[in-house]
Amino acid sequence: MARDSRYDILFTPVQLGPKTIRNRFYQVPHCIGAGTDRPGYQMAHRSVKAEGGWGALNTEYASIHPESDDTMRISARIWDEGDVRNLRAMTDAVHAHDSLAGIELWYGGAHAPGMESRCTPRGPIQYASEFEALTYCKAMDLDDIKMVQQYYVDAALRARDAGFDIVYVYGSHSYLPLQFLSPYYNKRTDKYGGSIENRARFWVETLEKVRHAVGADCAVTARFAVDTLYGEDGVEVEQDGMRFIELADPFVDFWDVNIGDIAEWGEDAGPSRFYGIGHQNDWIRYIKQATKKPVLGVGRFYDPEKMVEVINSGIIDIIGAARPSIADPFLPKKIEEGRVDDIRTCIGCNVCISRWEMGGPPMICTQNATAGEEYRRGWHPEKFEPAGSDDTVLVVGAGPSGAECARVLMERGYTVHVVDSADKVGGHVNDVITLPGLAEWGYHRDYREAQLEKLVKRNKDCQLALGQKRLTADDVLQYGAERVVIATGSSWNTDGTNNLSHAPIPGADASQPHCLTPEQVFAGDKPIGKRVMILNHDTYFMAPSLAEKLARAGHEVTVASPVALGEYMHLTLEAPNMHRLIHELGIEVIGDHACSRIEPGRVELFNIWGDGYKRQYRGPGNLPRDENRTHQWHECDTVVLVTGRHSEDELYRELKARKDEWAANDVKDVYLIGDAEAPRMISDATFTGHRLAREIEDPNPQYPQPYKREVHAWGAAYIPGQSHELIWRL
Amino acid sequence: MKILVPVKQAALVEDDFELRDDGRDVDPDFVDLQLNEWDDYSLEAALQLKEANDGIEVVAVTVGDDDTEDALRTCLAKGADRAIRIWDDVIADADPLVIARVLAAVAQREAPDLVLAGTQSSDLGFSATGVAMAAFMGWPHAAVVVALDYAPGAATAIVERELEGGLRERLEVDCPAVLTIQLGINTPRYASLRGIKQARSIPIEELSPDELGLEDQDIGEQARGSRVREMYLPDKGQAEMIEGTPAEQAARIAAIVKEVMGG
């Protein structure tokens, strides 16, 4: 189908100084966990997006010098010839699709702790990082400034040699150039501090030097947080923000703008829980008043209507996107081909970001199971290996893993039947999306539902059977499928079994009127009293979300949590506003407390550190620490047990026990995926379904095939001329 | 005992479609075919009787060309015992009367104890075929059936029909009879993979009208009670997207209200 003419503007080119971007789809720099040391991953992840129609693809932040070393987080690096060689793989692959390749030259100051290089970071003044623990920088003198500016120039020349079309001098997220610009950091009294002109000087000079160095070989840009959201203490868009744009404008070819800082960068990469599409518009709309150069901005733009709107209304010229490009590397192509309803919409859960925040593992995506697997597993987001046989597949369960598994199997050409007792695709996601702020997570279900409905039409023997009675082992054996995938999900524990005691909590019993599991809260069949006590052992969203839901419904909510409440939400950047919300709603959080007993009307809590710090051997039957005497009763009407989950794997276990009946029923193999294998996040459940579907006819498909590892292989030089031999410096 | 279930491979028109060159139907390139939704329910009613009683044979029958075989395969996969397809090019573009005449001839040959048809088809929606079939056969009939109480071999069936205003009519029908089944009478089953595979090896009986003793005059163009003259999309309605500032939009709405309501 042809593209809708309303979207034509998105497919018009824009001149970026010496370079031209072929359309308005620009993948802004974003981390993936590849950096420079996994060149295959870097190359494959960026170039598959170029294939999918993105006009420009950037690296993540790329350190210009060992002084800017973010270990344990993974940045790219452009320190030496080895880095040039590794990043060249990406630029070549991106160029093969007529897209531009960009690199975000980065110097972190005190926000980069230098744990690998052990170099001392330099900054505009000496300050302790508000983002990183125990990291101070050295205040730069004028020699230091010249030296660091030269780092940028040298790195820009290496970037040019690596084939990059776009070179950034990156300042957003509170990195060095912005540290000079913002009075929050810069307290200097020389010509690099004080007035806006002085505070802008470092960045403007650096841009000028880089511009001069790369000439017409590269487009030069700055990534600039036009408002750091600190009021007068930082950069405000209508003050320093617009003024800096004017001062630096002669030396850039276009502007890449956003808002926020590093310590709370969820204000930039806004999670859907708090921020919708285009949430930065009220700030970035000022920028085009200060420049005639093209402006690009972000705001989780996944909807072509909104993209056209922000361009036509003069807010930005180019659609910047990180998360939408991860969820759907083929987003531009799908718009171009008139297949908007095939777009795998970013749900804004920020699980992609969580991996960078935790410092190392490859990025994952809840929607796109192939994100990060392009190179090492060879998974293309839109293309599939044809079915290896005529085997038919029964998938029991249409939740995240089952639906994904069935989708991919059908894409491969297998005849697949999906059976679920629920009336909708999506499994527990259908409950989760009723929680406050999580409605957009429903895009996960919507994508799979829409694709399955299409695929079932493509192959009439495929079937999506919803609202069915639960299949028994007999039903499965007699179903007639050669391969059976069990994706029956998980449930919350009804007896308080949890990650600390690995045992039930005495008195916890969700069959009683005063005890509820999260599922029972969703079902709404059991009355919930005025005073609610949530017992939490889960480190993700369930407890804070239920607390919010119940507090908004007028309950007095207390959360007792021996684990850090919503700990994982720090990694998804949801935590700061979640804590603000908990405070605002008057929810009481009793930290470091677990529950020892539940009775109708009250729970007994104890401080988990109440057993004394002294450890001594006291013989068998005696604890090596003192008896915990911190137990206290807390009154409440209703207890909600967010203590742990268990797999609903009875069907699988019965089928395994009856393995001797498989052959007689033409069953070749039975697999277990998703939460039914082990409870986990939606992204990982989706992955297991996708993985099995890709590997279902590989050897022993229940278990993942080995993937390609990018290791610095012994004996192969990294830097040309470098020896792998051990050479003592004596 | 035998239950005859007439089914139709109904057309599901795509969002964007074109009409056939003669303008009397949708171009088949823009049509997806699937078993008529109502027939899912009539087949299910027959299969439930079969499962509850011994010795019941369920025979699915359709009038249609090669492309309609999928509908019969679906019935076989779900549990129908046999399937019959009748076709001759002269039947193309037939109206419900002609189809009913062909089905009546099949019924005469098969001598079923009960005919369970869908109330209507999801594409053309005449709601006529089953009832006309009963008329040709001289059998009693009941339409829009939402409940069925029938013991195989019994002289009558108790059925409930859905009427306007939420009313129901309980009716005793002499058997054999033709009942046209309404959506919601049951929950249609899905075929299992085993059913689908087994259905592939069951031969579909293919008959010509001639073999049923039908002449061209019974089924040809002159036998039709109605002929499609034209199929078309009516002119667009008067929906109008109102653009402009809120004040401009309000002014335009006021003008439209004035224009339509008068005064």
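**Entry 1: a β-α-β unit**

I started in chain A, where strand S20 (residues 531-536), helix H17 (residues 542-552) and strand S21 (residues 556-561) make a right-handed β-α-β unit. Right-handed means that, with the strands pointing away from the viewer, the path from the first strand over the helix to the second runs clockwise. Helices (H or I, at least four residues) and strands (E, at least two) are DSSP runs, numbered from the N terminus.

A note to myself on the source: this is a predicted model, where local features need pLDDT of at least 70, side-chain atom pairs count only at pLDDT 80 or more, and totals for chains, interfaces and linings use all residues. Residues are numbered from 1 along each chain as its sequence is written, chains are lettered from A and ligands numbered from 1 in the order in which they are written, and side-chain values use heavy atoms, with hydrogens and water left out.

**Entry 2: the sheet around S20(A)**

Next I asked which strands S20(A) pairs with. S20(A) pairs with S21(A) in the parallel sense over five bridges, and Leu535(A) stands opposite Ala560(A) there. S20(A) also pairs with strand S26 (residues 638-642) of chain A, again parallel and over five bridges; here I found Ile534(A) bridged to Val640(A). Two strands pair if DSSP finds at least two bridges between them.

I then traced the whole sheet: five strands of chain A form an open sheet in the order S19-S26-S20-S21-S22, with parallel pairing. Its edge strands are S19 (515-516) and S22 (588-591), each of which pairs on one side only. S22(A) joins S21(A) through four parallel bridges, and Ser561(A) faces Gly591(A) across that pair.

Is S20(A) mostly covered or mostly open? Five of its six residues are buried, where buried means under 20% relative accessible area, exposed over 50%, and partly exposed in between (1.4 Å probe, protein chains only).

I looked up Val257(A), which sits in strand S11 (residues 254-259) of chain A. Val257(A) is buried, with a relative accessible area of 0%. Leaving aside neighbours within four places in sequence, its contacts (heavy atoms within 4.5 Å) include Phe224(A), Val226(A), Ile245(A) and Ile284(A). Val257(A) and Ile284(A) are 27 residues apart in sequence, yet 6.9 Å apart in space, C-alpha to C-alpha.

Arg344(A) lies in a loop, between helix H10 (331-336) and helix H11 (351-358) of chain A. Is Arg344(A) buried or exposed? Arg344(A) is buried, at 1% relative accessible area. Beyond four places in sequence, Arg344(A) touches Asp328(A), Glu382(A), Arg407(A) and Tyr447(A), among others.

**Entry 3: where chain B meets chain A**

The contact takes twelve residues from chain B and 22 residues from chain A. The area buried between them is about 1300 Å², of which carbon and sulfur atoms give 47%. Buried area is the accessible area (1.4 Å probe) that two parts lose on being put together, summed over both. In chain B, Tyr190(B), Leu193(B) and Arg194(B) lose the most area to chain A, together 50% of what that side buries.

How many salt bridges cross this interface? I noted four, each a side-chain nitrogen of Lys or Arg within 4 Å of a carboxyl oxygen of Asp or Glu. One of them joins Arg194(B) to Asp666(A), with the closest N and O atoms 3.9 Å apart. On chain B's side, H5(B) gives the most, with five residues.
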